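Trainee: I've just opened this one and would like to walk through it with you. Can we start with a polar pair and then move to the ligand?

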Amino acid sequence: MLTCNSLMPGAFLSALLTAPFLRPDGLEARLSRLVEAQIGEAWQIRWFDAGRSALGALLDAYRIGPGDDVIVPAYTCVVVPNQIAARGARIVFCDVQESTLSYDWEALSRAMTPATRAVIVPHNFGMVSRVPDAVRARYPGVRFLDDAAHGLGSLDNRGRWLGTGHDGAFFSFEYSKNLTGGVGGLALLPASMSFAGMPVERVSRFGQWRLAVTLAGHLLSIRTALAGRAWMALARRTGLIYRSGDDEVRDGAVHAPKRLATLSAALILPQLRRLAAIREAKAVLADRYRNALADLPGVTVWEAGPDVHWVRYPFRLAAARGDKMAMARRLADASGLPVGIWFDDPIHPRGSFRHGYMPGDCPEGERLAAEVFNLPVNIALAGDGGLDDKLGRLRTAIGELAW
Ligand SMILES: *Cc1c(COP(=O)(O)O)cnc(C)c1O
């Protein structure tokens with residue numbers, strides 16, 4: 001897994017050295033000003049330790065609780081429904097469609113009832129998805145909240161930031177997301193609303209140490225796989241990896257929200273400043289992927305303009321049956337590219353808490369979870385001279401699969 005999509009080692013070192021001397025409140029204010037310059041003053045901006053905490057804050061702002069239904073795509077990450085269940089609301093899964101990897105709008109219309117209070121709108125891989133006006137008009141009281149965890153800085157067809165088209169949005173700065181904070185989250189809420197309260201505590205000093213150790217391992221892995229593996233093994237053994245709790249994945253436990261780590265803020269700041277250039281470099285990379293795979297039989301790729309800030313680039317293998325992880329490894333070994341498996345289950349990752357989802361509830365979500373793979377969209381790859389070779393080997397390996 002290739003992470004740190006937008007983080008250069010120099011920027012990491014510089015954040016590491018300066019963060020201890022910076023005031024987190026001041027850093028947050030600078031981050032907020034950068035975001036506000038993009039989205040205007042119609043939105044309130046709040047920073048958290050994770051995207052899931054930002055989602056929780058949105059749900060609280062709209063007072064989602066017992067008796068409310070919240071619709072969630074059956075092609076998502078378990079930490080999303082976890083936040084809803086923790087508030088006593090009922091989770092209703094709704095199927096997705098291939099063309100956008102977002103809702104099947106007909107299915108969404110059918111799923112909405114007078115009990116529906118909110119709909120989590122997916123923007124998978126960074127592609128902007130807009131709820132049709134006709135769907136919004138059916139139940140005007142329903143709040144549409146953007147899960148923008150994959151698309152910080154993606155623009156819609158009118159040049160507006162993803163997350164500013166509906167009733168609120170959350171973003172993530174986790175290791176594998178568009179901009180790298182190690183962890184981190186951002187919530188947007190219309191200026192007319194108010195956040196119901198903010199966590200007081202920030203990520204602890206020890207937490208930040210673990211964050212730094214983990215990030216160093218990830219960055220090392222990009223340049224020297226072997227050294228990266230050794231570093232991560234050592235970090236794991238000494239308990240210095242910063243990651244989601246097993247109870248969140250396995251039991252659906254809710255994450256205790258905190259404020260953004262100072263280190264994360266210091267990491268995000270320079271990336272946010274360079275956002276337009278970063279997005280552009282990644283769009284070029286995604287275009288190379290698309291061109292390499294588009295004409296292969298049995299392969300579906302997604303098209304999008306230069307305005308998508310891809311988190312990874314998806315491709316669908318029509319006949320990918322059986323062990324998805326094994327298939328990804330086979331393609332990765334053949335090509336030298338770290339082929340990813342997001343999402344491998346309607347409620348990713350496979351084996352996580354299912355919140356009442358039953359096999360067969362959302363058939364297209366299940367098919368996509370079985371057949372969609374992805375390629376890394378990382379600025380370190382933009383200058384990889386061997387990329388065309390690797391893509392050629394990936395083409396050959398896909399061509400050799402029996403359809
Ligand atoms: C990563 C992710 C989240 C949660 O973000 P965290 O910062 O890890 O809490 C939510 N939704 C999707 C689709 C994600 O990929």
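Trainee: Which side chain does a polar contact join to that of aspartate 167?

Mentor: It is the side chain of arginine 136, and the polar contact is 3.1 Å; the term stands for a pair of N or O atoms within 3.5 Å, where within protein one must be able to donate a hydrogen and the other to accept it, and where residues adjacent in sequence count only if both atoms are side-chain atoms. Please keep in mind that this is a predicted model, in which local features need pLDDT of at least 70 and side-chain atom pairs count only at pLDDT 80 or more, while totals for chains, interfaces and linings use all residues. Residues are numbered from 1 along each chain as its sequence is written, and side-chain values use heavy atoms, with hydrogens and water left out.

Trainee: Which backbone nitrogen lies 2.8 Å from a polar atom of the aspartate 167 side chain?

Mentor: That is the backbone nitrogen of phenylalanine 144.

Trainee: Where does aspartate 167 sit, and is it buried or exposed?

Mentor: Aspartate 167 lies in the loop between β6 (143–147) and β7, with helices (H or I, at least four residues) and strands (E, at least two) taken as DSSP runs numbered from the N terminus. Its relative accessible area is 10%, so aspartate 167 counts as buried, a word that means under 20%, with exposed being over 50% and partly exposed in between (1.4 Å probe, protein chains only).

Trainee: Switching to the ligand, how many residues surround it, and which are the closest?

Mentor: There are 14 residues around the ligand, and the closest are Gly51, Arg52, His150, Ser172 and Lys177, where the criterion is a residue heavy atom within 4 Å. Elements that each supply at least two residues of this shell are α3 (51–61), α4 (79–86) and β7 (169–172).

Trainee: What does the shell look like by class?

Mentor: The shell has six nonpolar, four polar and four charged residues, on a scheme in which Ala, Val, Leu, Ile, Met, Phe, Trp, Tyr, Cys and Pro are nonpolar, Asp, Glu, Lys and Arg are charged, and the others, Gly among them, are polar.

Trainee: Which polar side-chain atoms lie 2.7 Å or 3.0 Å from a ligand oxygen?

Mentor: Histidine 150 places a polar side-chain atom 2.7 Å from an oxygen atom of the ligand, serine 172 has a side-chain N or O atom that is likewise 2.7 Å from a ligand oxygen, and for lysine 177 the distance to an oxygen atom of the ligand is 3.0 Å. The protein covers 94% of the 380 Å² of accessible area that the ligand has on its own, as computed by the Shrake-Rupley method with a 1.4 Å probe, where for residues only the protein chains shown count as cover.

Trainee: What does UniProt list at Lys177?

Mentor: An unreviewed UniProt entry places the feature "modified residue: N6-(pyridoxal phosphate)lysine" at Lys177, and UniProt (unreviewed entry) also lists Lys177 for "active site". UniProt positions are given in the numbering used here with shortened feature names, and such annotations may be inferred rather than shown by experiment.

Trainee: Where is lysine 177 found, and what is it in contact with?

Mentor: Lysine 177 is found in the loop between β7 and β8 (185–190), and it is buried, with a relative accessible area of 12%. Leaving aside neighbours within four places in sequence, its contacts are Asn5, Ala149, His150, Ser172, Val311 and Trp342.

Trainee: Now the backbone: which peptide bond is cis?

Mentor: The bond from histidine 348 to proline 349 is cis, with omega near -5 degrees, and proline 349 lies in the loop between β11 (347–348) and α13 (363–371). The loop between β11 and α13 also holds histidine 355, whose phi is near 50 degrees, a positive value in a residue other than glycine. Histidine 355 is buried at a relative accessible area of 13%.

Trainee: And what is the phi of phenylalanine 125?

Mentor: Phenylalanine 125 has a positive phi of about 65 degrees although it is not a glycine. This residue is placed in the loop between β5 (116–122) and α6 (133–138), and its relative accessible area is 1%, so phenylalanine 125 counts as buried.

Note on methods: Contact = heavy atoms within 4.5 Å.
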